[in-house]
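These are my notebook entries on what I looked up in the structure shown below.

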Amino acid sequence: MNSAAGDTPLVTEAPAAARSPWRRFASEFAESRIAMAGLLLLAAIVVVAIAAPWLSPQNPYDLAQLDVLDSKLAPGEHSSSTGKPYWLGTDDQGRDMLSGIFYGLRISLSVGIASTAIALAIGLVLGLAAAYFEGWVDTAIMRVADIQLSFPAILIALILLAMMGQGTGKIIAALVTVQWAYYARTVRSAALVERRKEYIEAARALALSQPRILFRHLLPNCLPPLIVVATVQVAHAISLEATLSFLGLGLPITEPSLGLLIANGFQYLLSGKYWISFYPGLALLATIVSINLVADQLRDVLNPRLKR
Amino acid sequence: MSDSAPLLEVEGLRMHFFTREGVVKAVDDVSFRVERGRVLGLVGESGSGKSMTGYSVMGLVDPPGRVVAGRIALGGMDLASLDEKARRKLRGGRIAMIFQDPMMTLNPVLRIDTQMVEAVLAHQPVSRASALQRSREALERVGIPSPDERLRSYPHEFSGGMRQRVAIAIAMLNRPDLIIADEPTTALDVTVQGQILSEMQALCRETGAGLIWITHDLSVIAGLADDVCVMYAGRIVESGPVDEVLDRPMHPYTRALIDSVPSRNTPGRPLAQIRGMAPSPLALDEGCAFRERCARAIDACRAAPPVGSPSARRTLRCVNPAA
Amino acid sequence: MLAFTLRRLGQSLLVLVVMSFLVFVGVYAIGNPVELLVNPQADEVERLRATAALGLDKPFLEQYATFLRGALHGDLGRSFVYNVPAIQLILDKLPATLELAGAAMLVAMALGIPLGLVAGLKPTSWIGRTIMAGSILGFSLPTFWVGLVLIMLFSVHLGWLPPNGRGQTVVLLGVPVSFLTLDGLRHLAMPAANLAIFKLSLLVRLTRAGTREALLQDYVKFARAKGLPPRRVIGVHVLKNIMIPIVTVIGLELGSVIAFAVVTESIFAWPGSGKLLIDSINQLDRPVIVAYLLVTVTIFIAINFVVDVLYSALDPRVSLGAAASAH
């Protein structure tokens, strides 16, 4: 090959500026205006839920603040005692619906997030273990998960609650039981793909300890699908809890979530006092829709197969 | 349609992808012709735009890609003047295409006979039985034994070589004037590759169809093609009759490609490589895209290299060619 | 094929036994077993008698064996409230639930698949976006709340449809069905629509995702390269590929619809097994609860089994017995 005689210095083209993965993720997410709207709505809901005691016009669970003469007032009517307007009406006990909704959001969100977080932790550990140790550990865990996933969530929850009875802890336990298998399966699939990749071989060759390989190396790469699943599952958990509460099997009446509020108002529906059920339902809907909008966009952004 | 017009004439074809990150000029001012009964080889690395050229001729470019300029004429007829329905009639009829991976190009859940018969019926108003008969004959012609059994099978029941033969048979069903083969043998073993190559060559000679063979493998072109176009970064850098171009390559890239084919080295010597990497398709400018890796690059290479004709049947896009 | 079927059947039976064991453990072992099986109103003498009669003073495994034997004979105890065999109660109410679930699934399929196909083919058009937005809404709406809104709108406000109960029934093949009468349809409309919305949205999303992925595949490009009309490319090539996973999902979701009918039945007072379950839980009628759980679990396992076998039959790539000749 003849050497390049008389080479003149070439222009070196500057490489395209590399954007950090976080910024790229954020900008891709922001491409969907609907998803951003969902995110905003969700943020607003979370703020309301956290600040409920300060934002609510009334503490609906403090009997001293209730006036039973104000019961079943339509939205916009005023209290006969204090003259303050009830923006969304009152229920059969004279409780301000708006306040009830704020507190209800708080409970619905907490239960949903708590159960998801616990289920995530359990599913994560089990899924990673199944993928990493393979063999009978894998088969055992996945068999149980598969069987459980072949039954609809509501049925499992009903079985558990029928056996265990009511109570906040029991509801959370039921929600956790219903969800863990999704996480375990997702993590396991992602981990199985990852562990075949070379960087795990390298880590093993360096004789790093197994937990270290698991947590520092495998885990971060399994996160994207997990985040998508977790987000969707929070919405499911909230919805399921509301359904169970509506059926009378959920949270006790001392901690009324939105589902219970809706259940409470059901009996007044046919007589036209719709607001007792309707507005809590709207709040529930807003929460679930916003979560799903965010989750949808997350899924599209994080899905490698749809990348052009 | 006059006989003197070449079978396919492509002039100044430009096809761009309009993506989030910028415009990718996948096909950048490409011109060539194909004559009846002759084989044109389109050679280049992956990303050189050779497959995209094929899709553009077929009219199979999907958004975000779009043909932005250029003339494609089949037998003198300008394809751009046709509406989509007319173009669809040409596809699979007068122009056929064969793809690289036959496992994925054949629909895995449909039987072979379904996939062949539908190709016939889409272009000719014949009976199913007659279409089936044609399919059977086509399979025989490409050397598939016991065609009746094969017709009733599914793609996954065939080996890679057989599947590609089926794809070829499908392409030949409606006796096309032009066949575009996009790396059809890349996914196959070397022995099968050789068979398919000679079979295709024979088929084209028999039927008088023109063939565009798209590949990254120069050695395939050497044995098969009559003419060759070498592509790099969306442009044709050199073209001409295959013997001339391979014996006396003028563009440094063509030279480097030829030199890097293993058989040309005496055993024991290190393999010659082209240094550097293909440029990112987003970072291309008007100048010669090869200049970063070229041993003969000079200042003038920064400007758009003009297309010259060093001899009657050759073209060259280089300001400092290896003589 | 036969070997596969038998193997799956064996697996299903195993799962059934395991589930029955779990239910047994849940009901008999958690808490005071006597409380669970004896009428809560019974006095001390009753309890002692029941304990002996039910064999609750015997070892655990023996109790389980007795339970199994009884279950296999269809004897799952008598309802406290109605004083008829629990299983009979469940089986009486099952047709109503199945009718509701079937109607809901039908609506979901008839609307969901075409809408999903359209959304997948034109994802950026306004119709595609509207369908997707609608599906997110349908997916997020809690079923029970939608039921409430439906009642509000169609019963209270417009007065078009009855808010509860099942309509007039006729007997078809020995089973009472209500969709054959106009009155029956009027009563079926809202509950079925209510139950269908969630599955409908699911199917729309699934079909859309499947269509989008299928369109990126090479076989679609090849089909177009053959000059096939778009109608055929989509209607045959794409559809056949996406139908396989969709059919499996539909099969699995059928079970889920039956379970979810519990909610719809409660709202619309539809006299099915779901409503019976909720009432039983609230009335502490435990034998009925057990009977419901076992029947439903059996239905589930049966559906899963059928779906598995169907899937292998539908997808030609799944080799069931003889080794495929591909090499």
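I count two residues as in contact if their C-beta atoms, placed from the backbone, lie within 7 Å. This is a predicted model, in which local features need pLDDT of at least 70, side-chain atom pairs count only at pLDDT 80 or more, and totals for chains, interfaces and linings use all residues. Residues are numbered from 1 along each chain as its sequence is written, and chains are lettered from A and ligands numbered from 1 in the order in which they are written.

In the largest core, of 153 residues, Tyr183(A) and Ala104(C) touch the most other members. Helix H4 (residues 97-133) of chain A gives the most to this core, 16 residues; helices are DSSP runs (H or I, at least four residues), and strands are runs of E, at least two.

Entry 2, sheet of chain B. I noted an open, antiparallel sheet of four strands in the order E2-E1-E4-E5, where pairing takes at least two DSSP bridges. Strands E2 (22-34) and E5 (77-78) of chain B each have a single partner strand, so one side of each lacks a neighbour in the sheet. E4 (residues 65-74) and E5(B) pair over two bridges, and Asp78(B) is the bridge partner of Ala73(B).

I recorded 22 residues from chain C and 27 residues from chain B. H9(C) supplies the largest share of chain C's side, six residues.

Key: A nonpolar core is a set of buried Ala, Val, Leu, Ile, Met, Phe, Trp, Tyr and Cys residues joined through C-beta atoms within 7 Å. A residue is buried if 20 or more other C-beta atoms lie within 10 Å of its own, exposed if 12 or fewer, and partly exposed in between; C-beta atoms are placed from the backbone.
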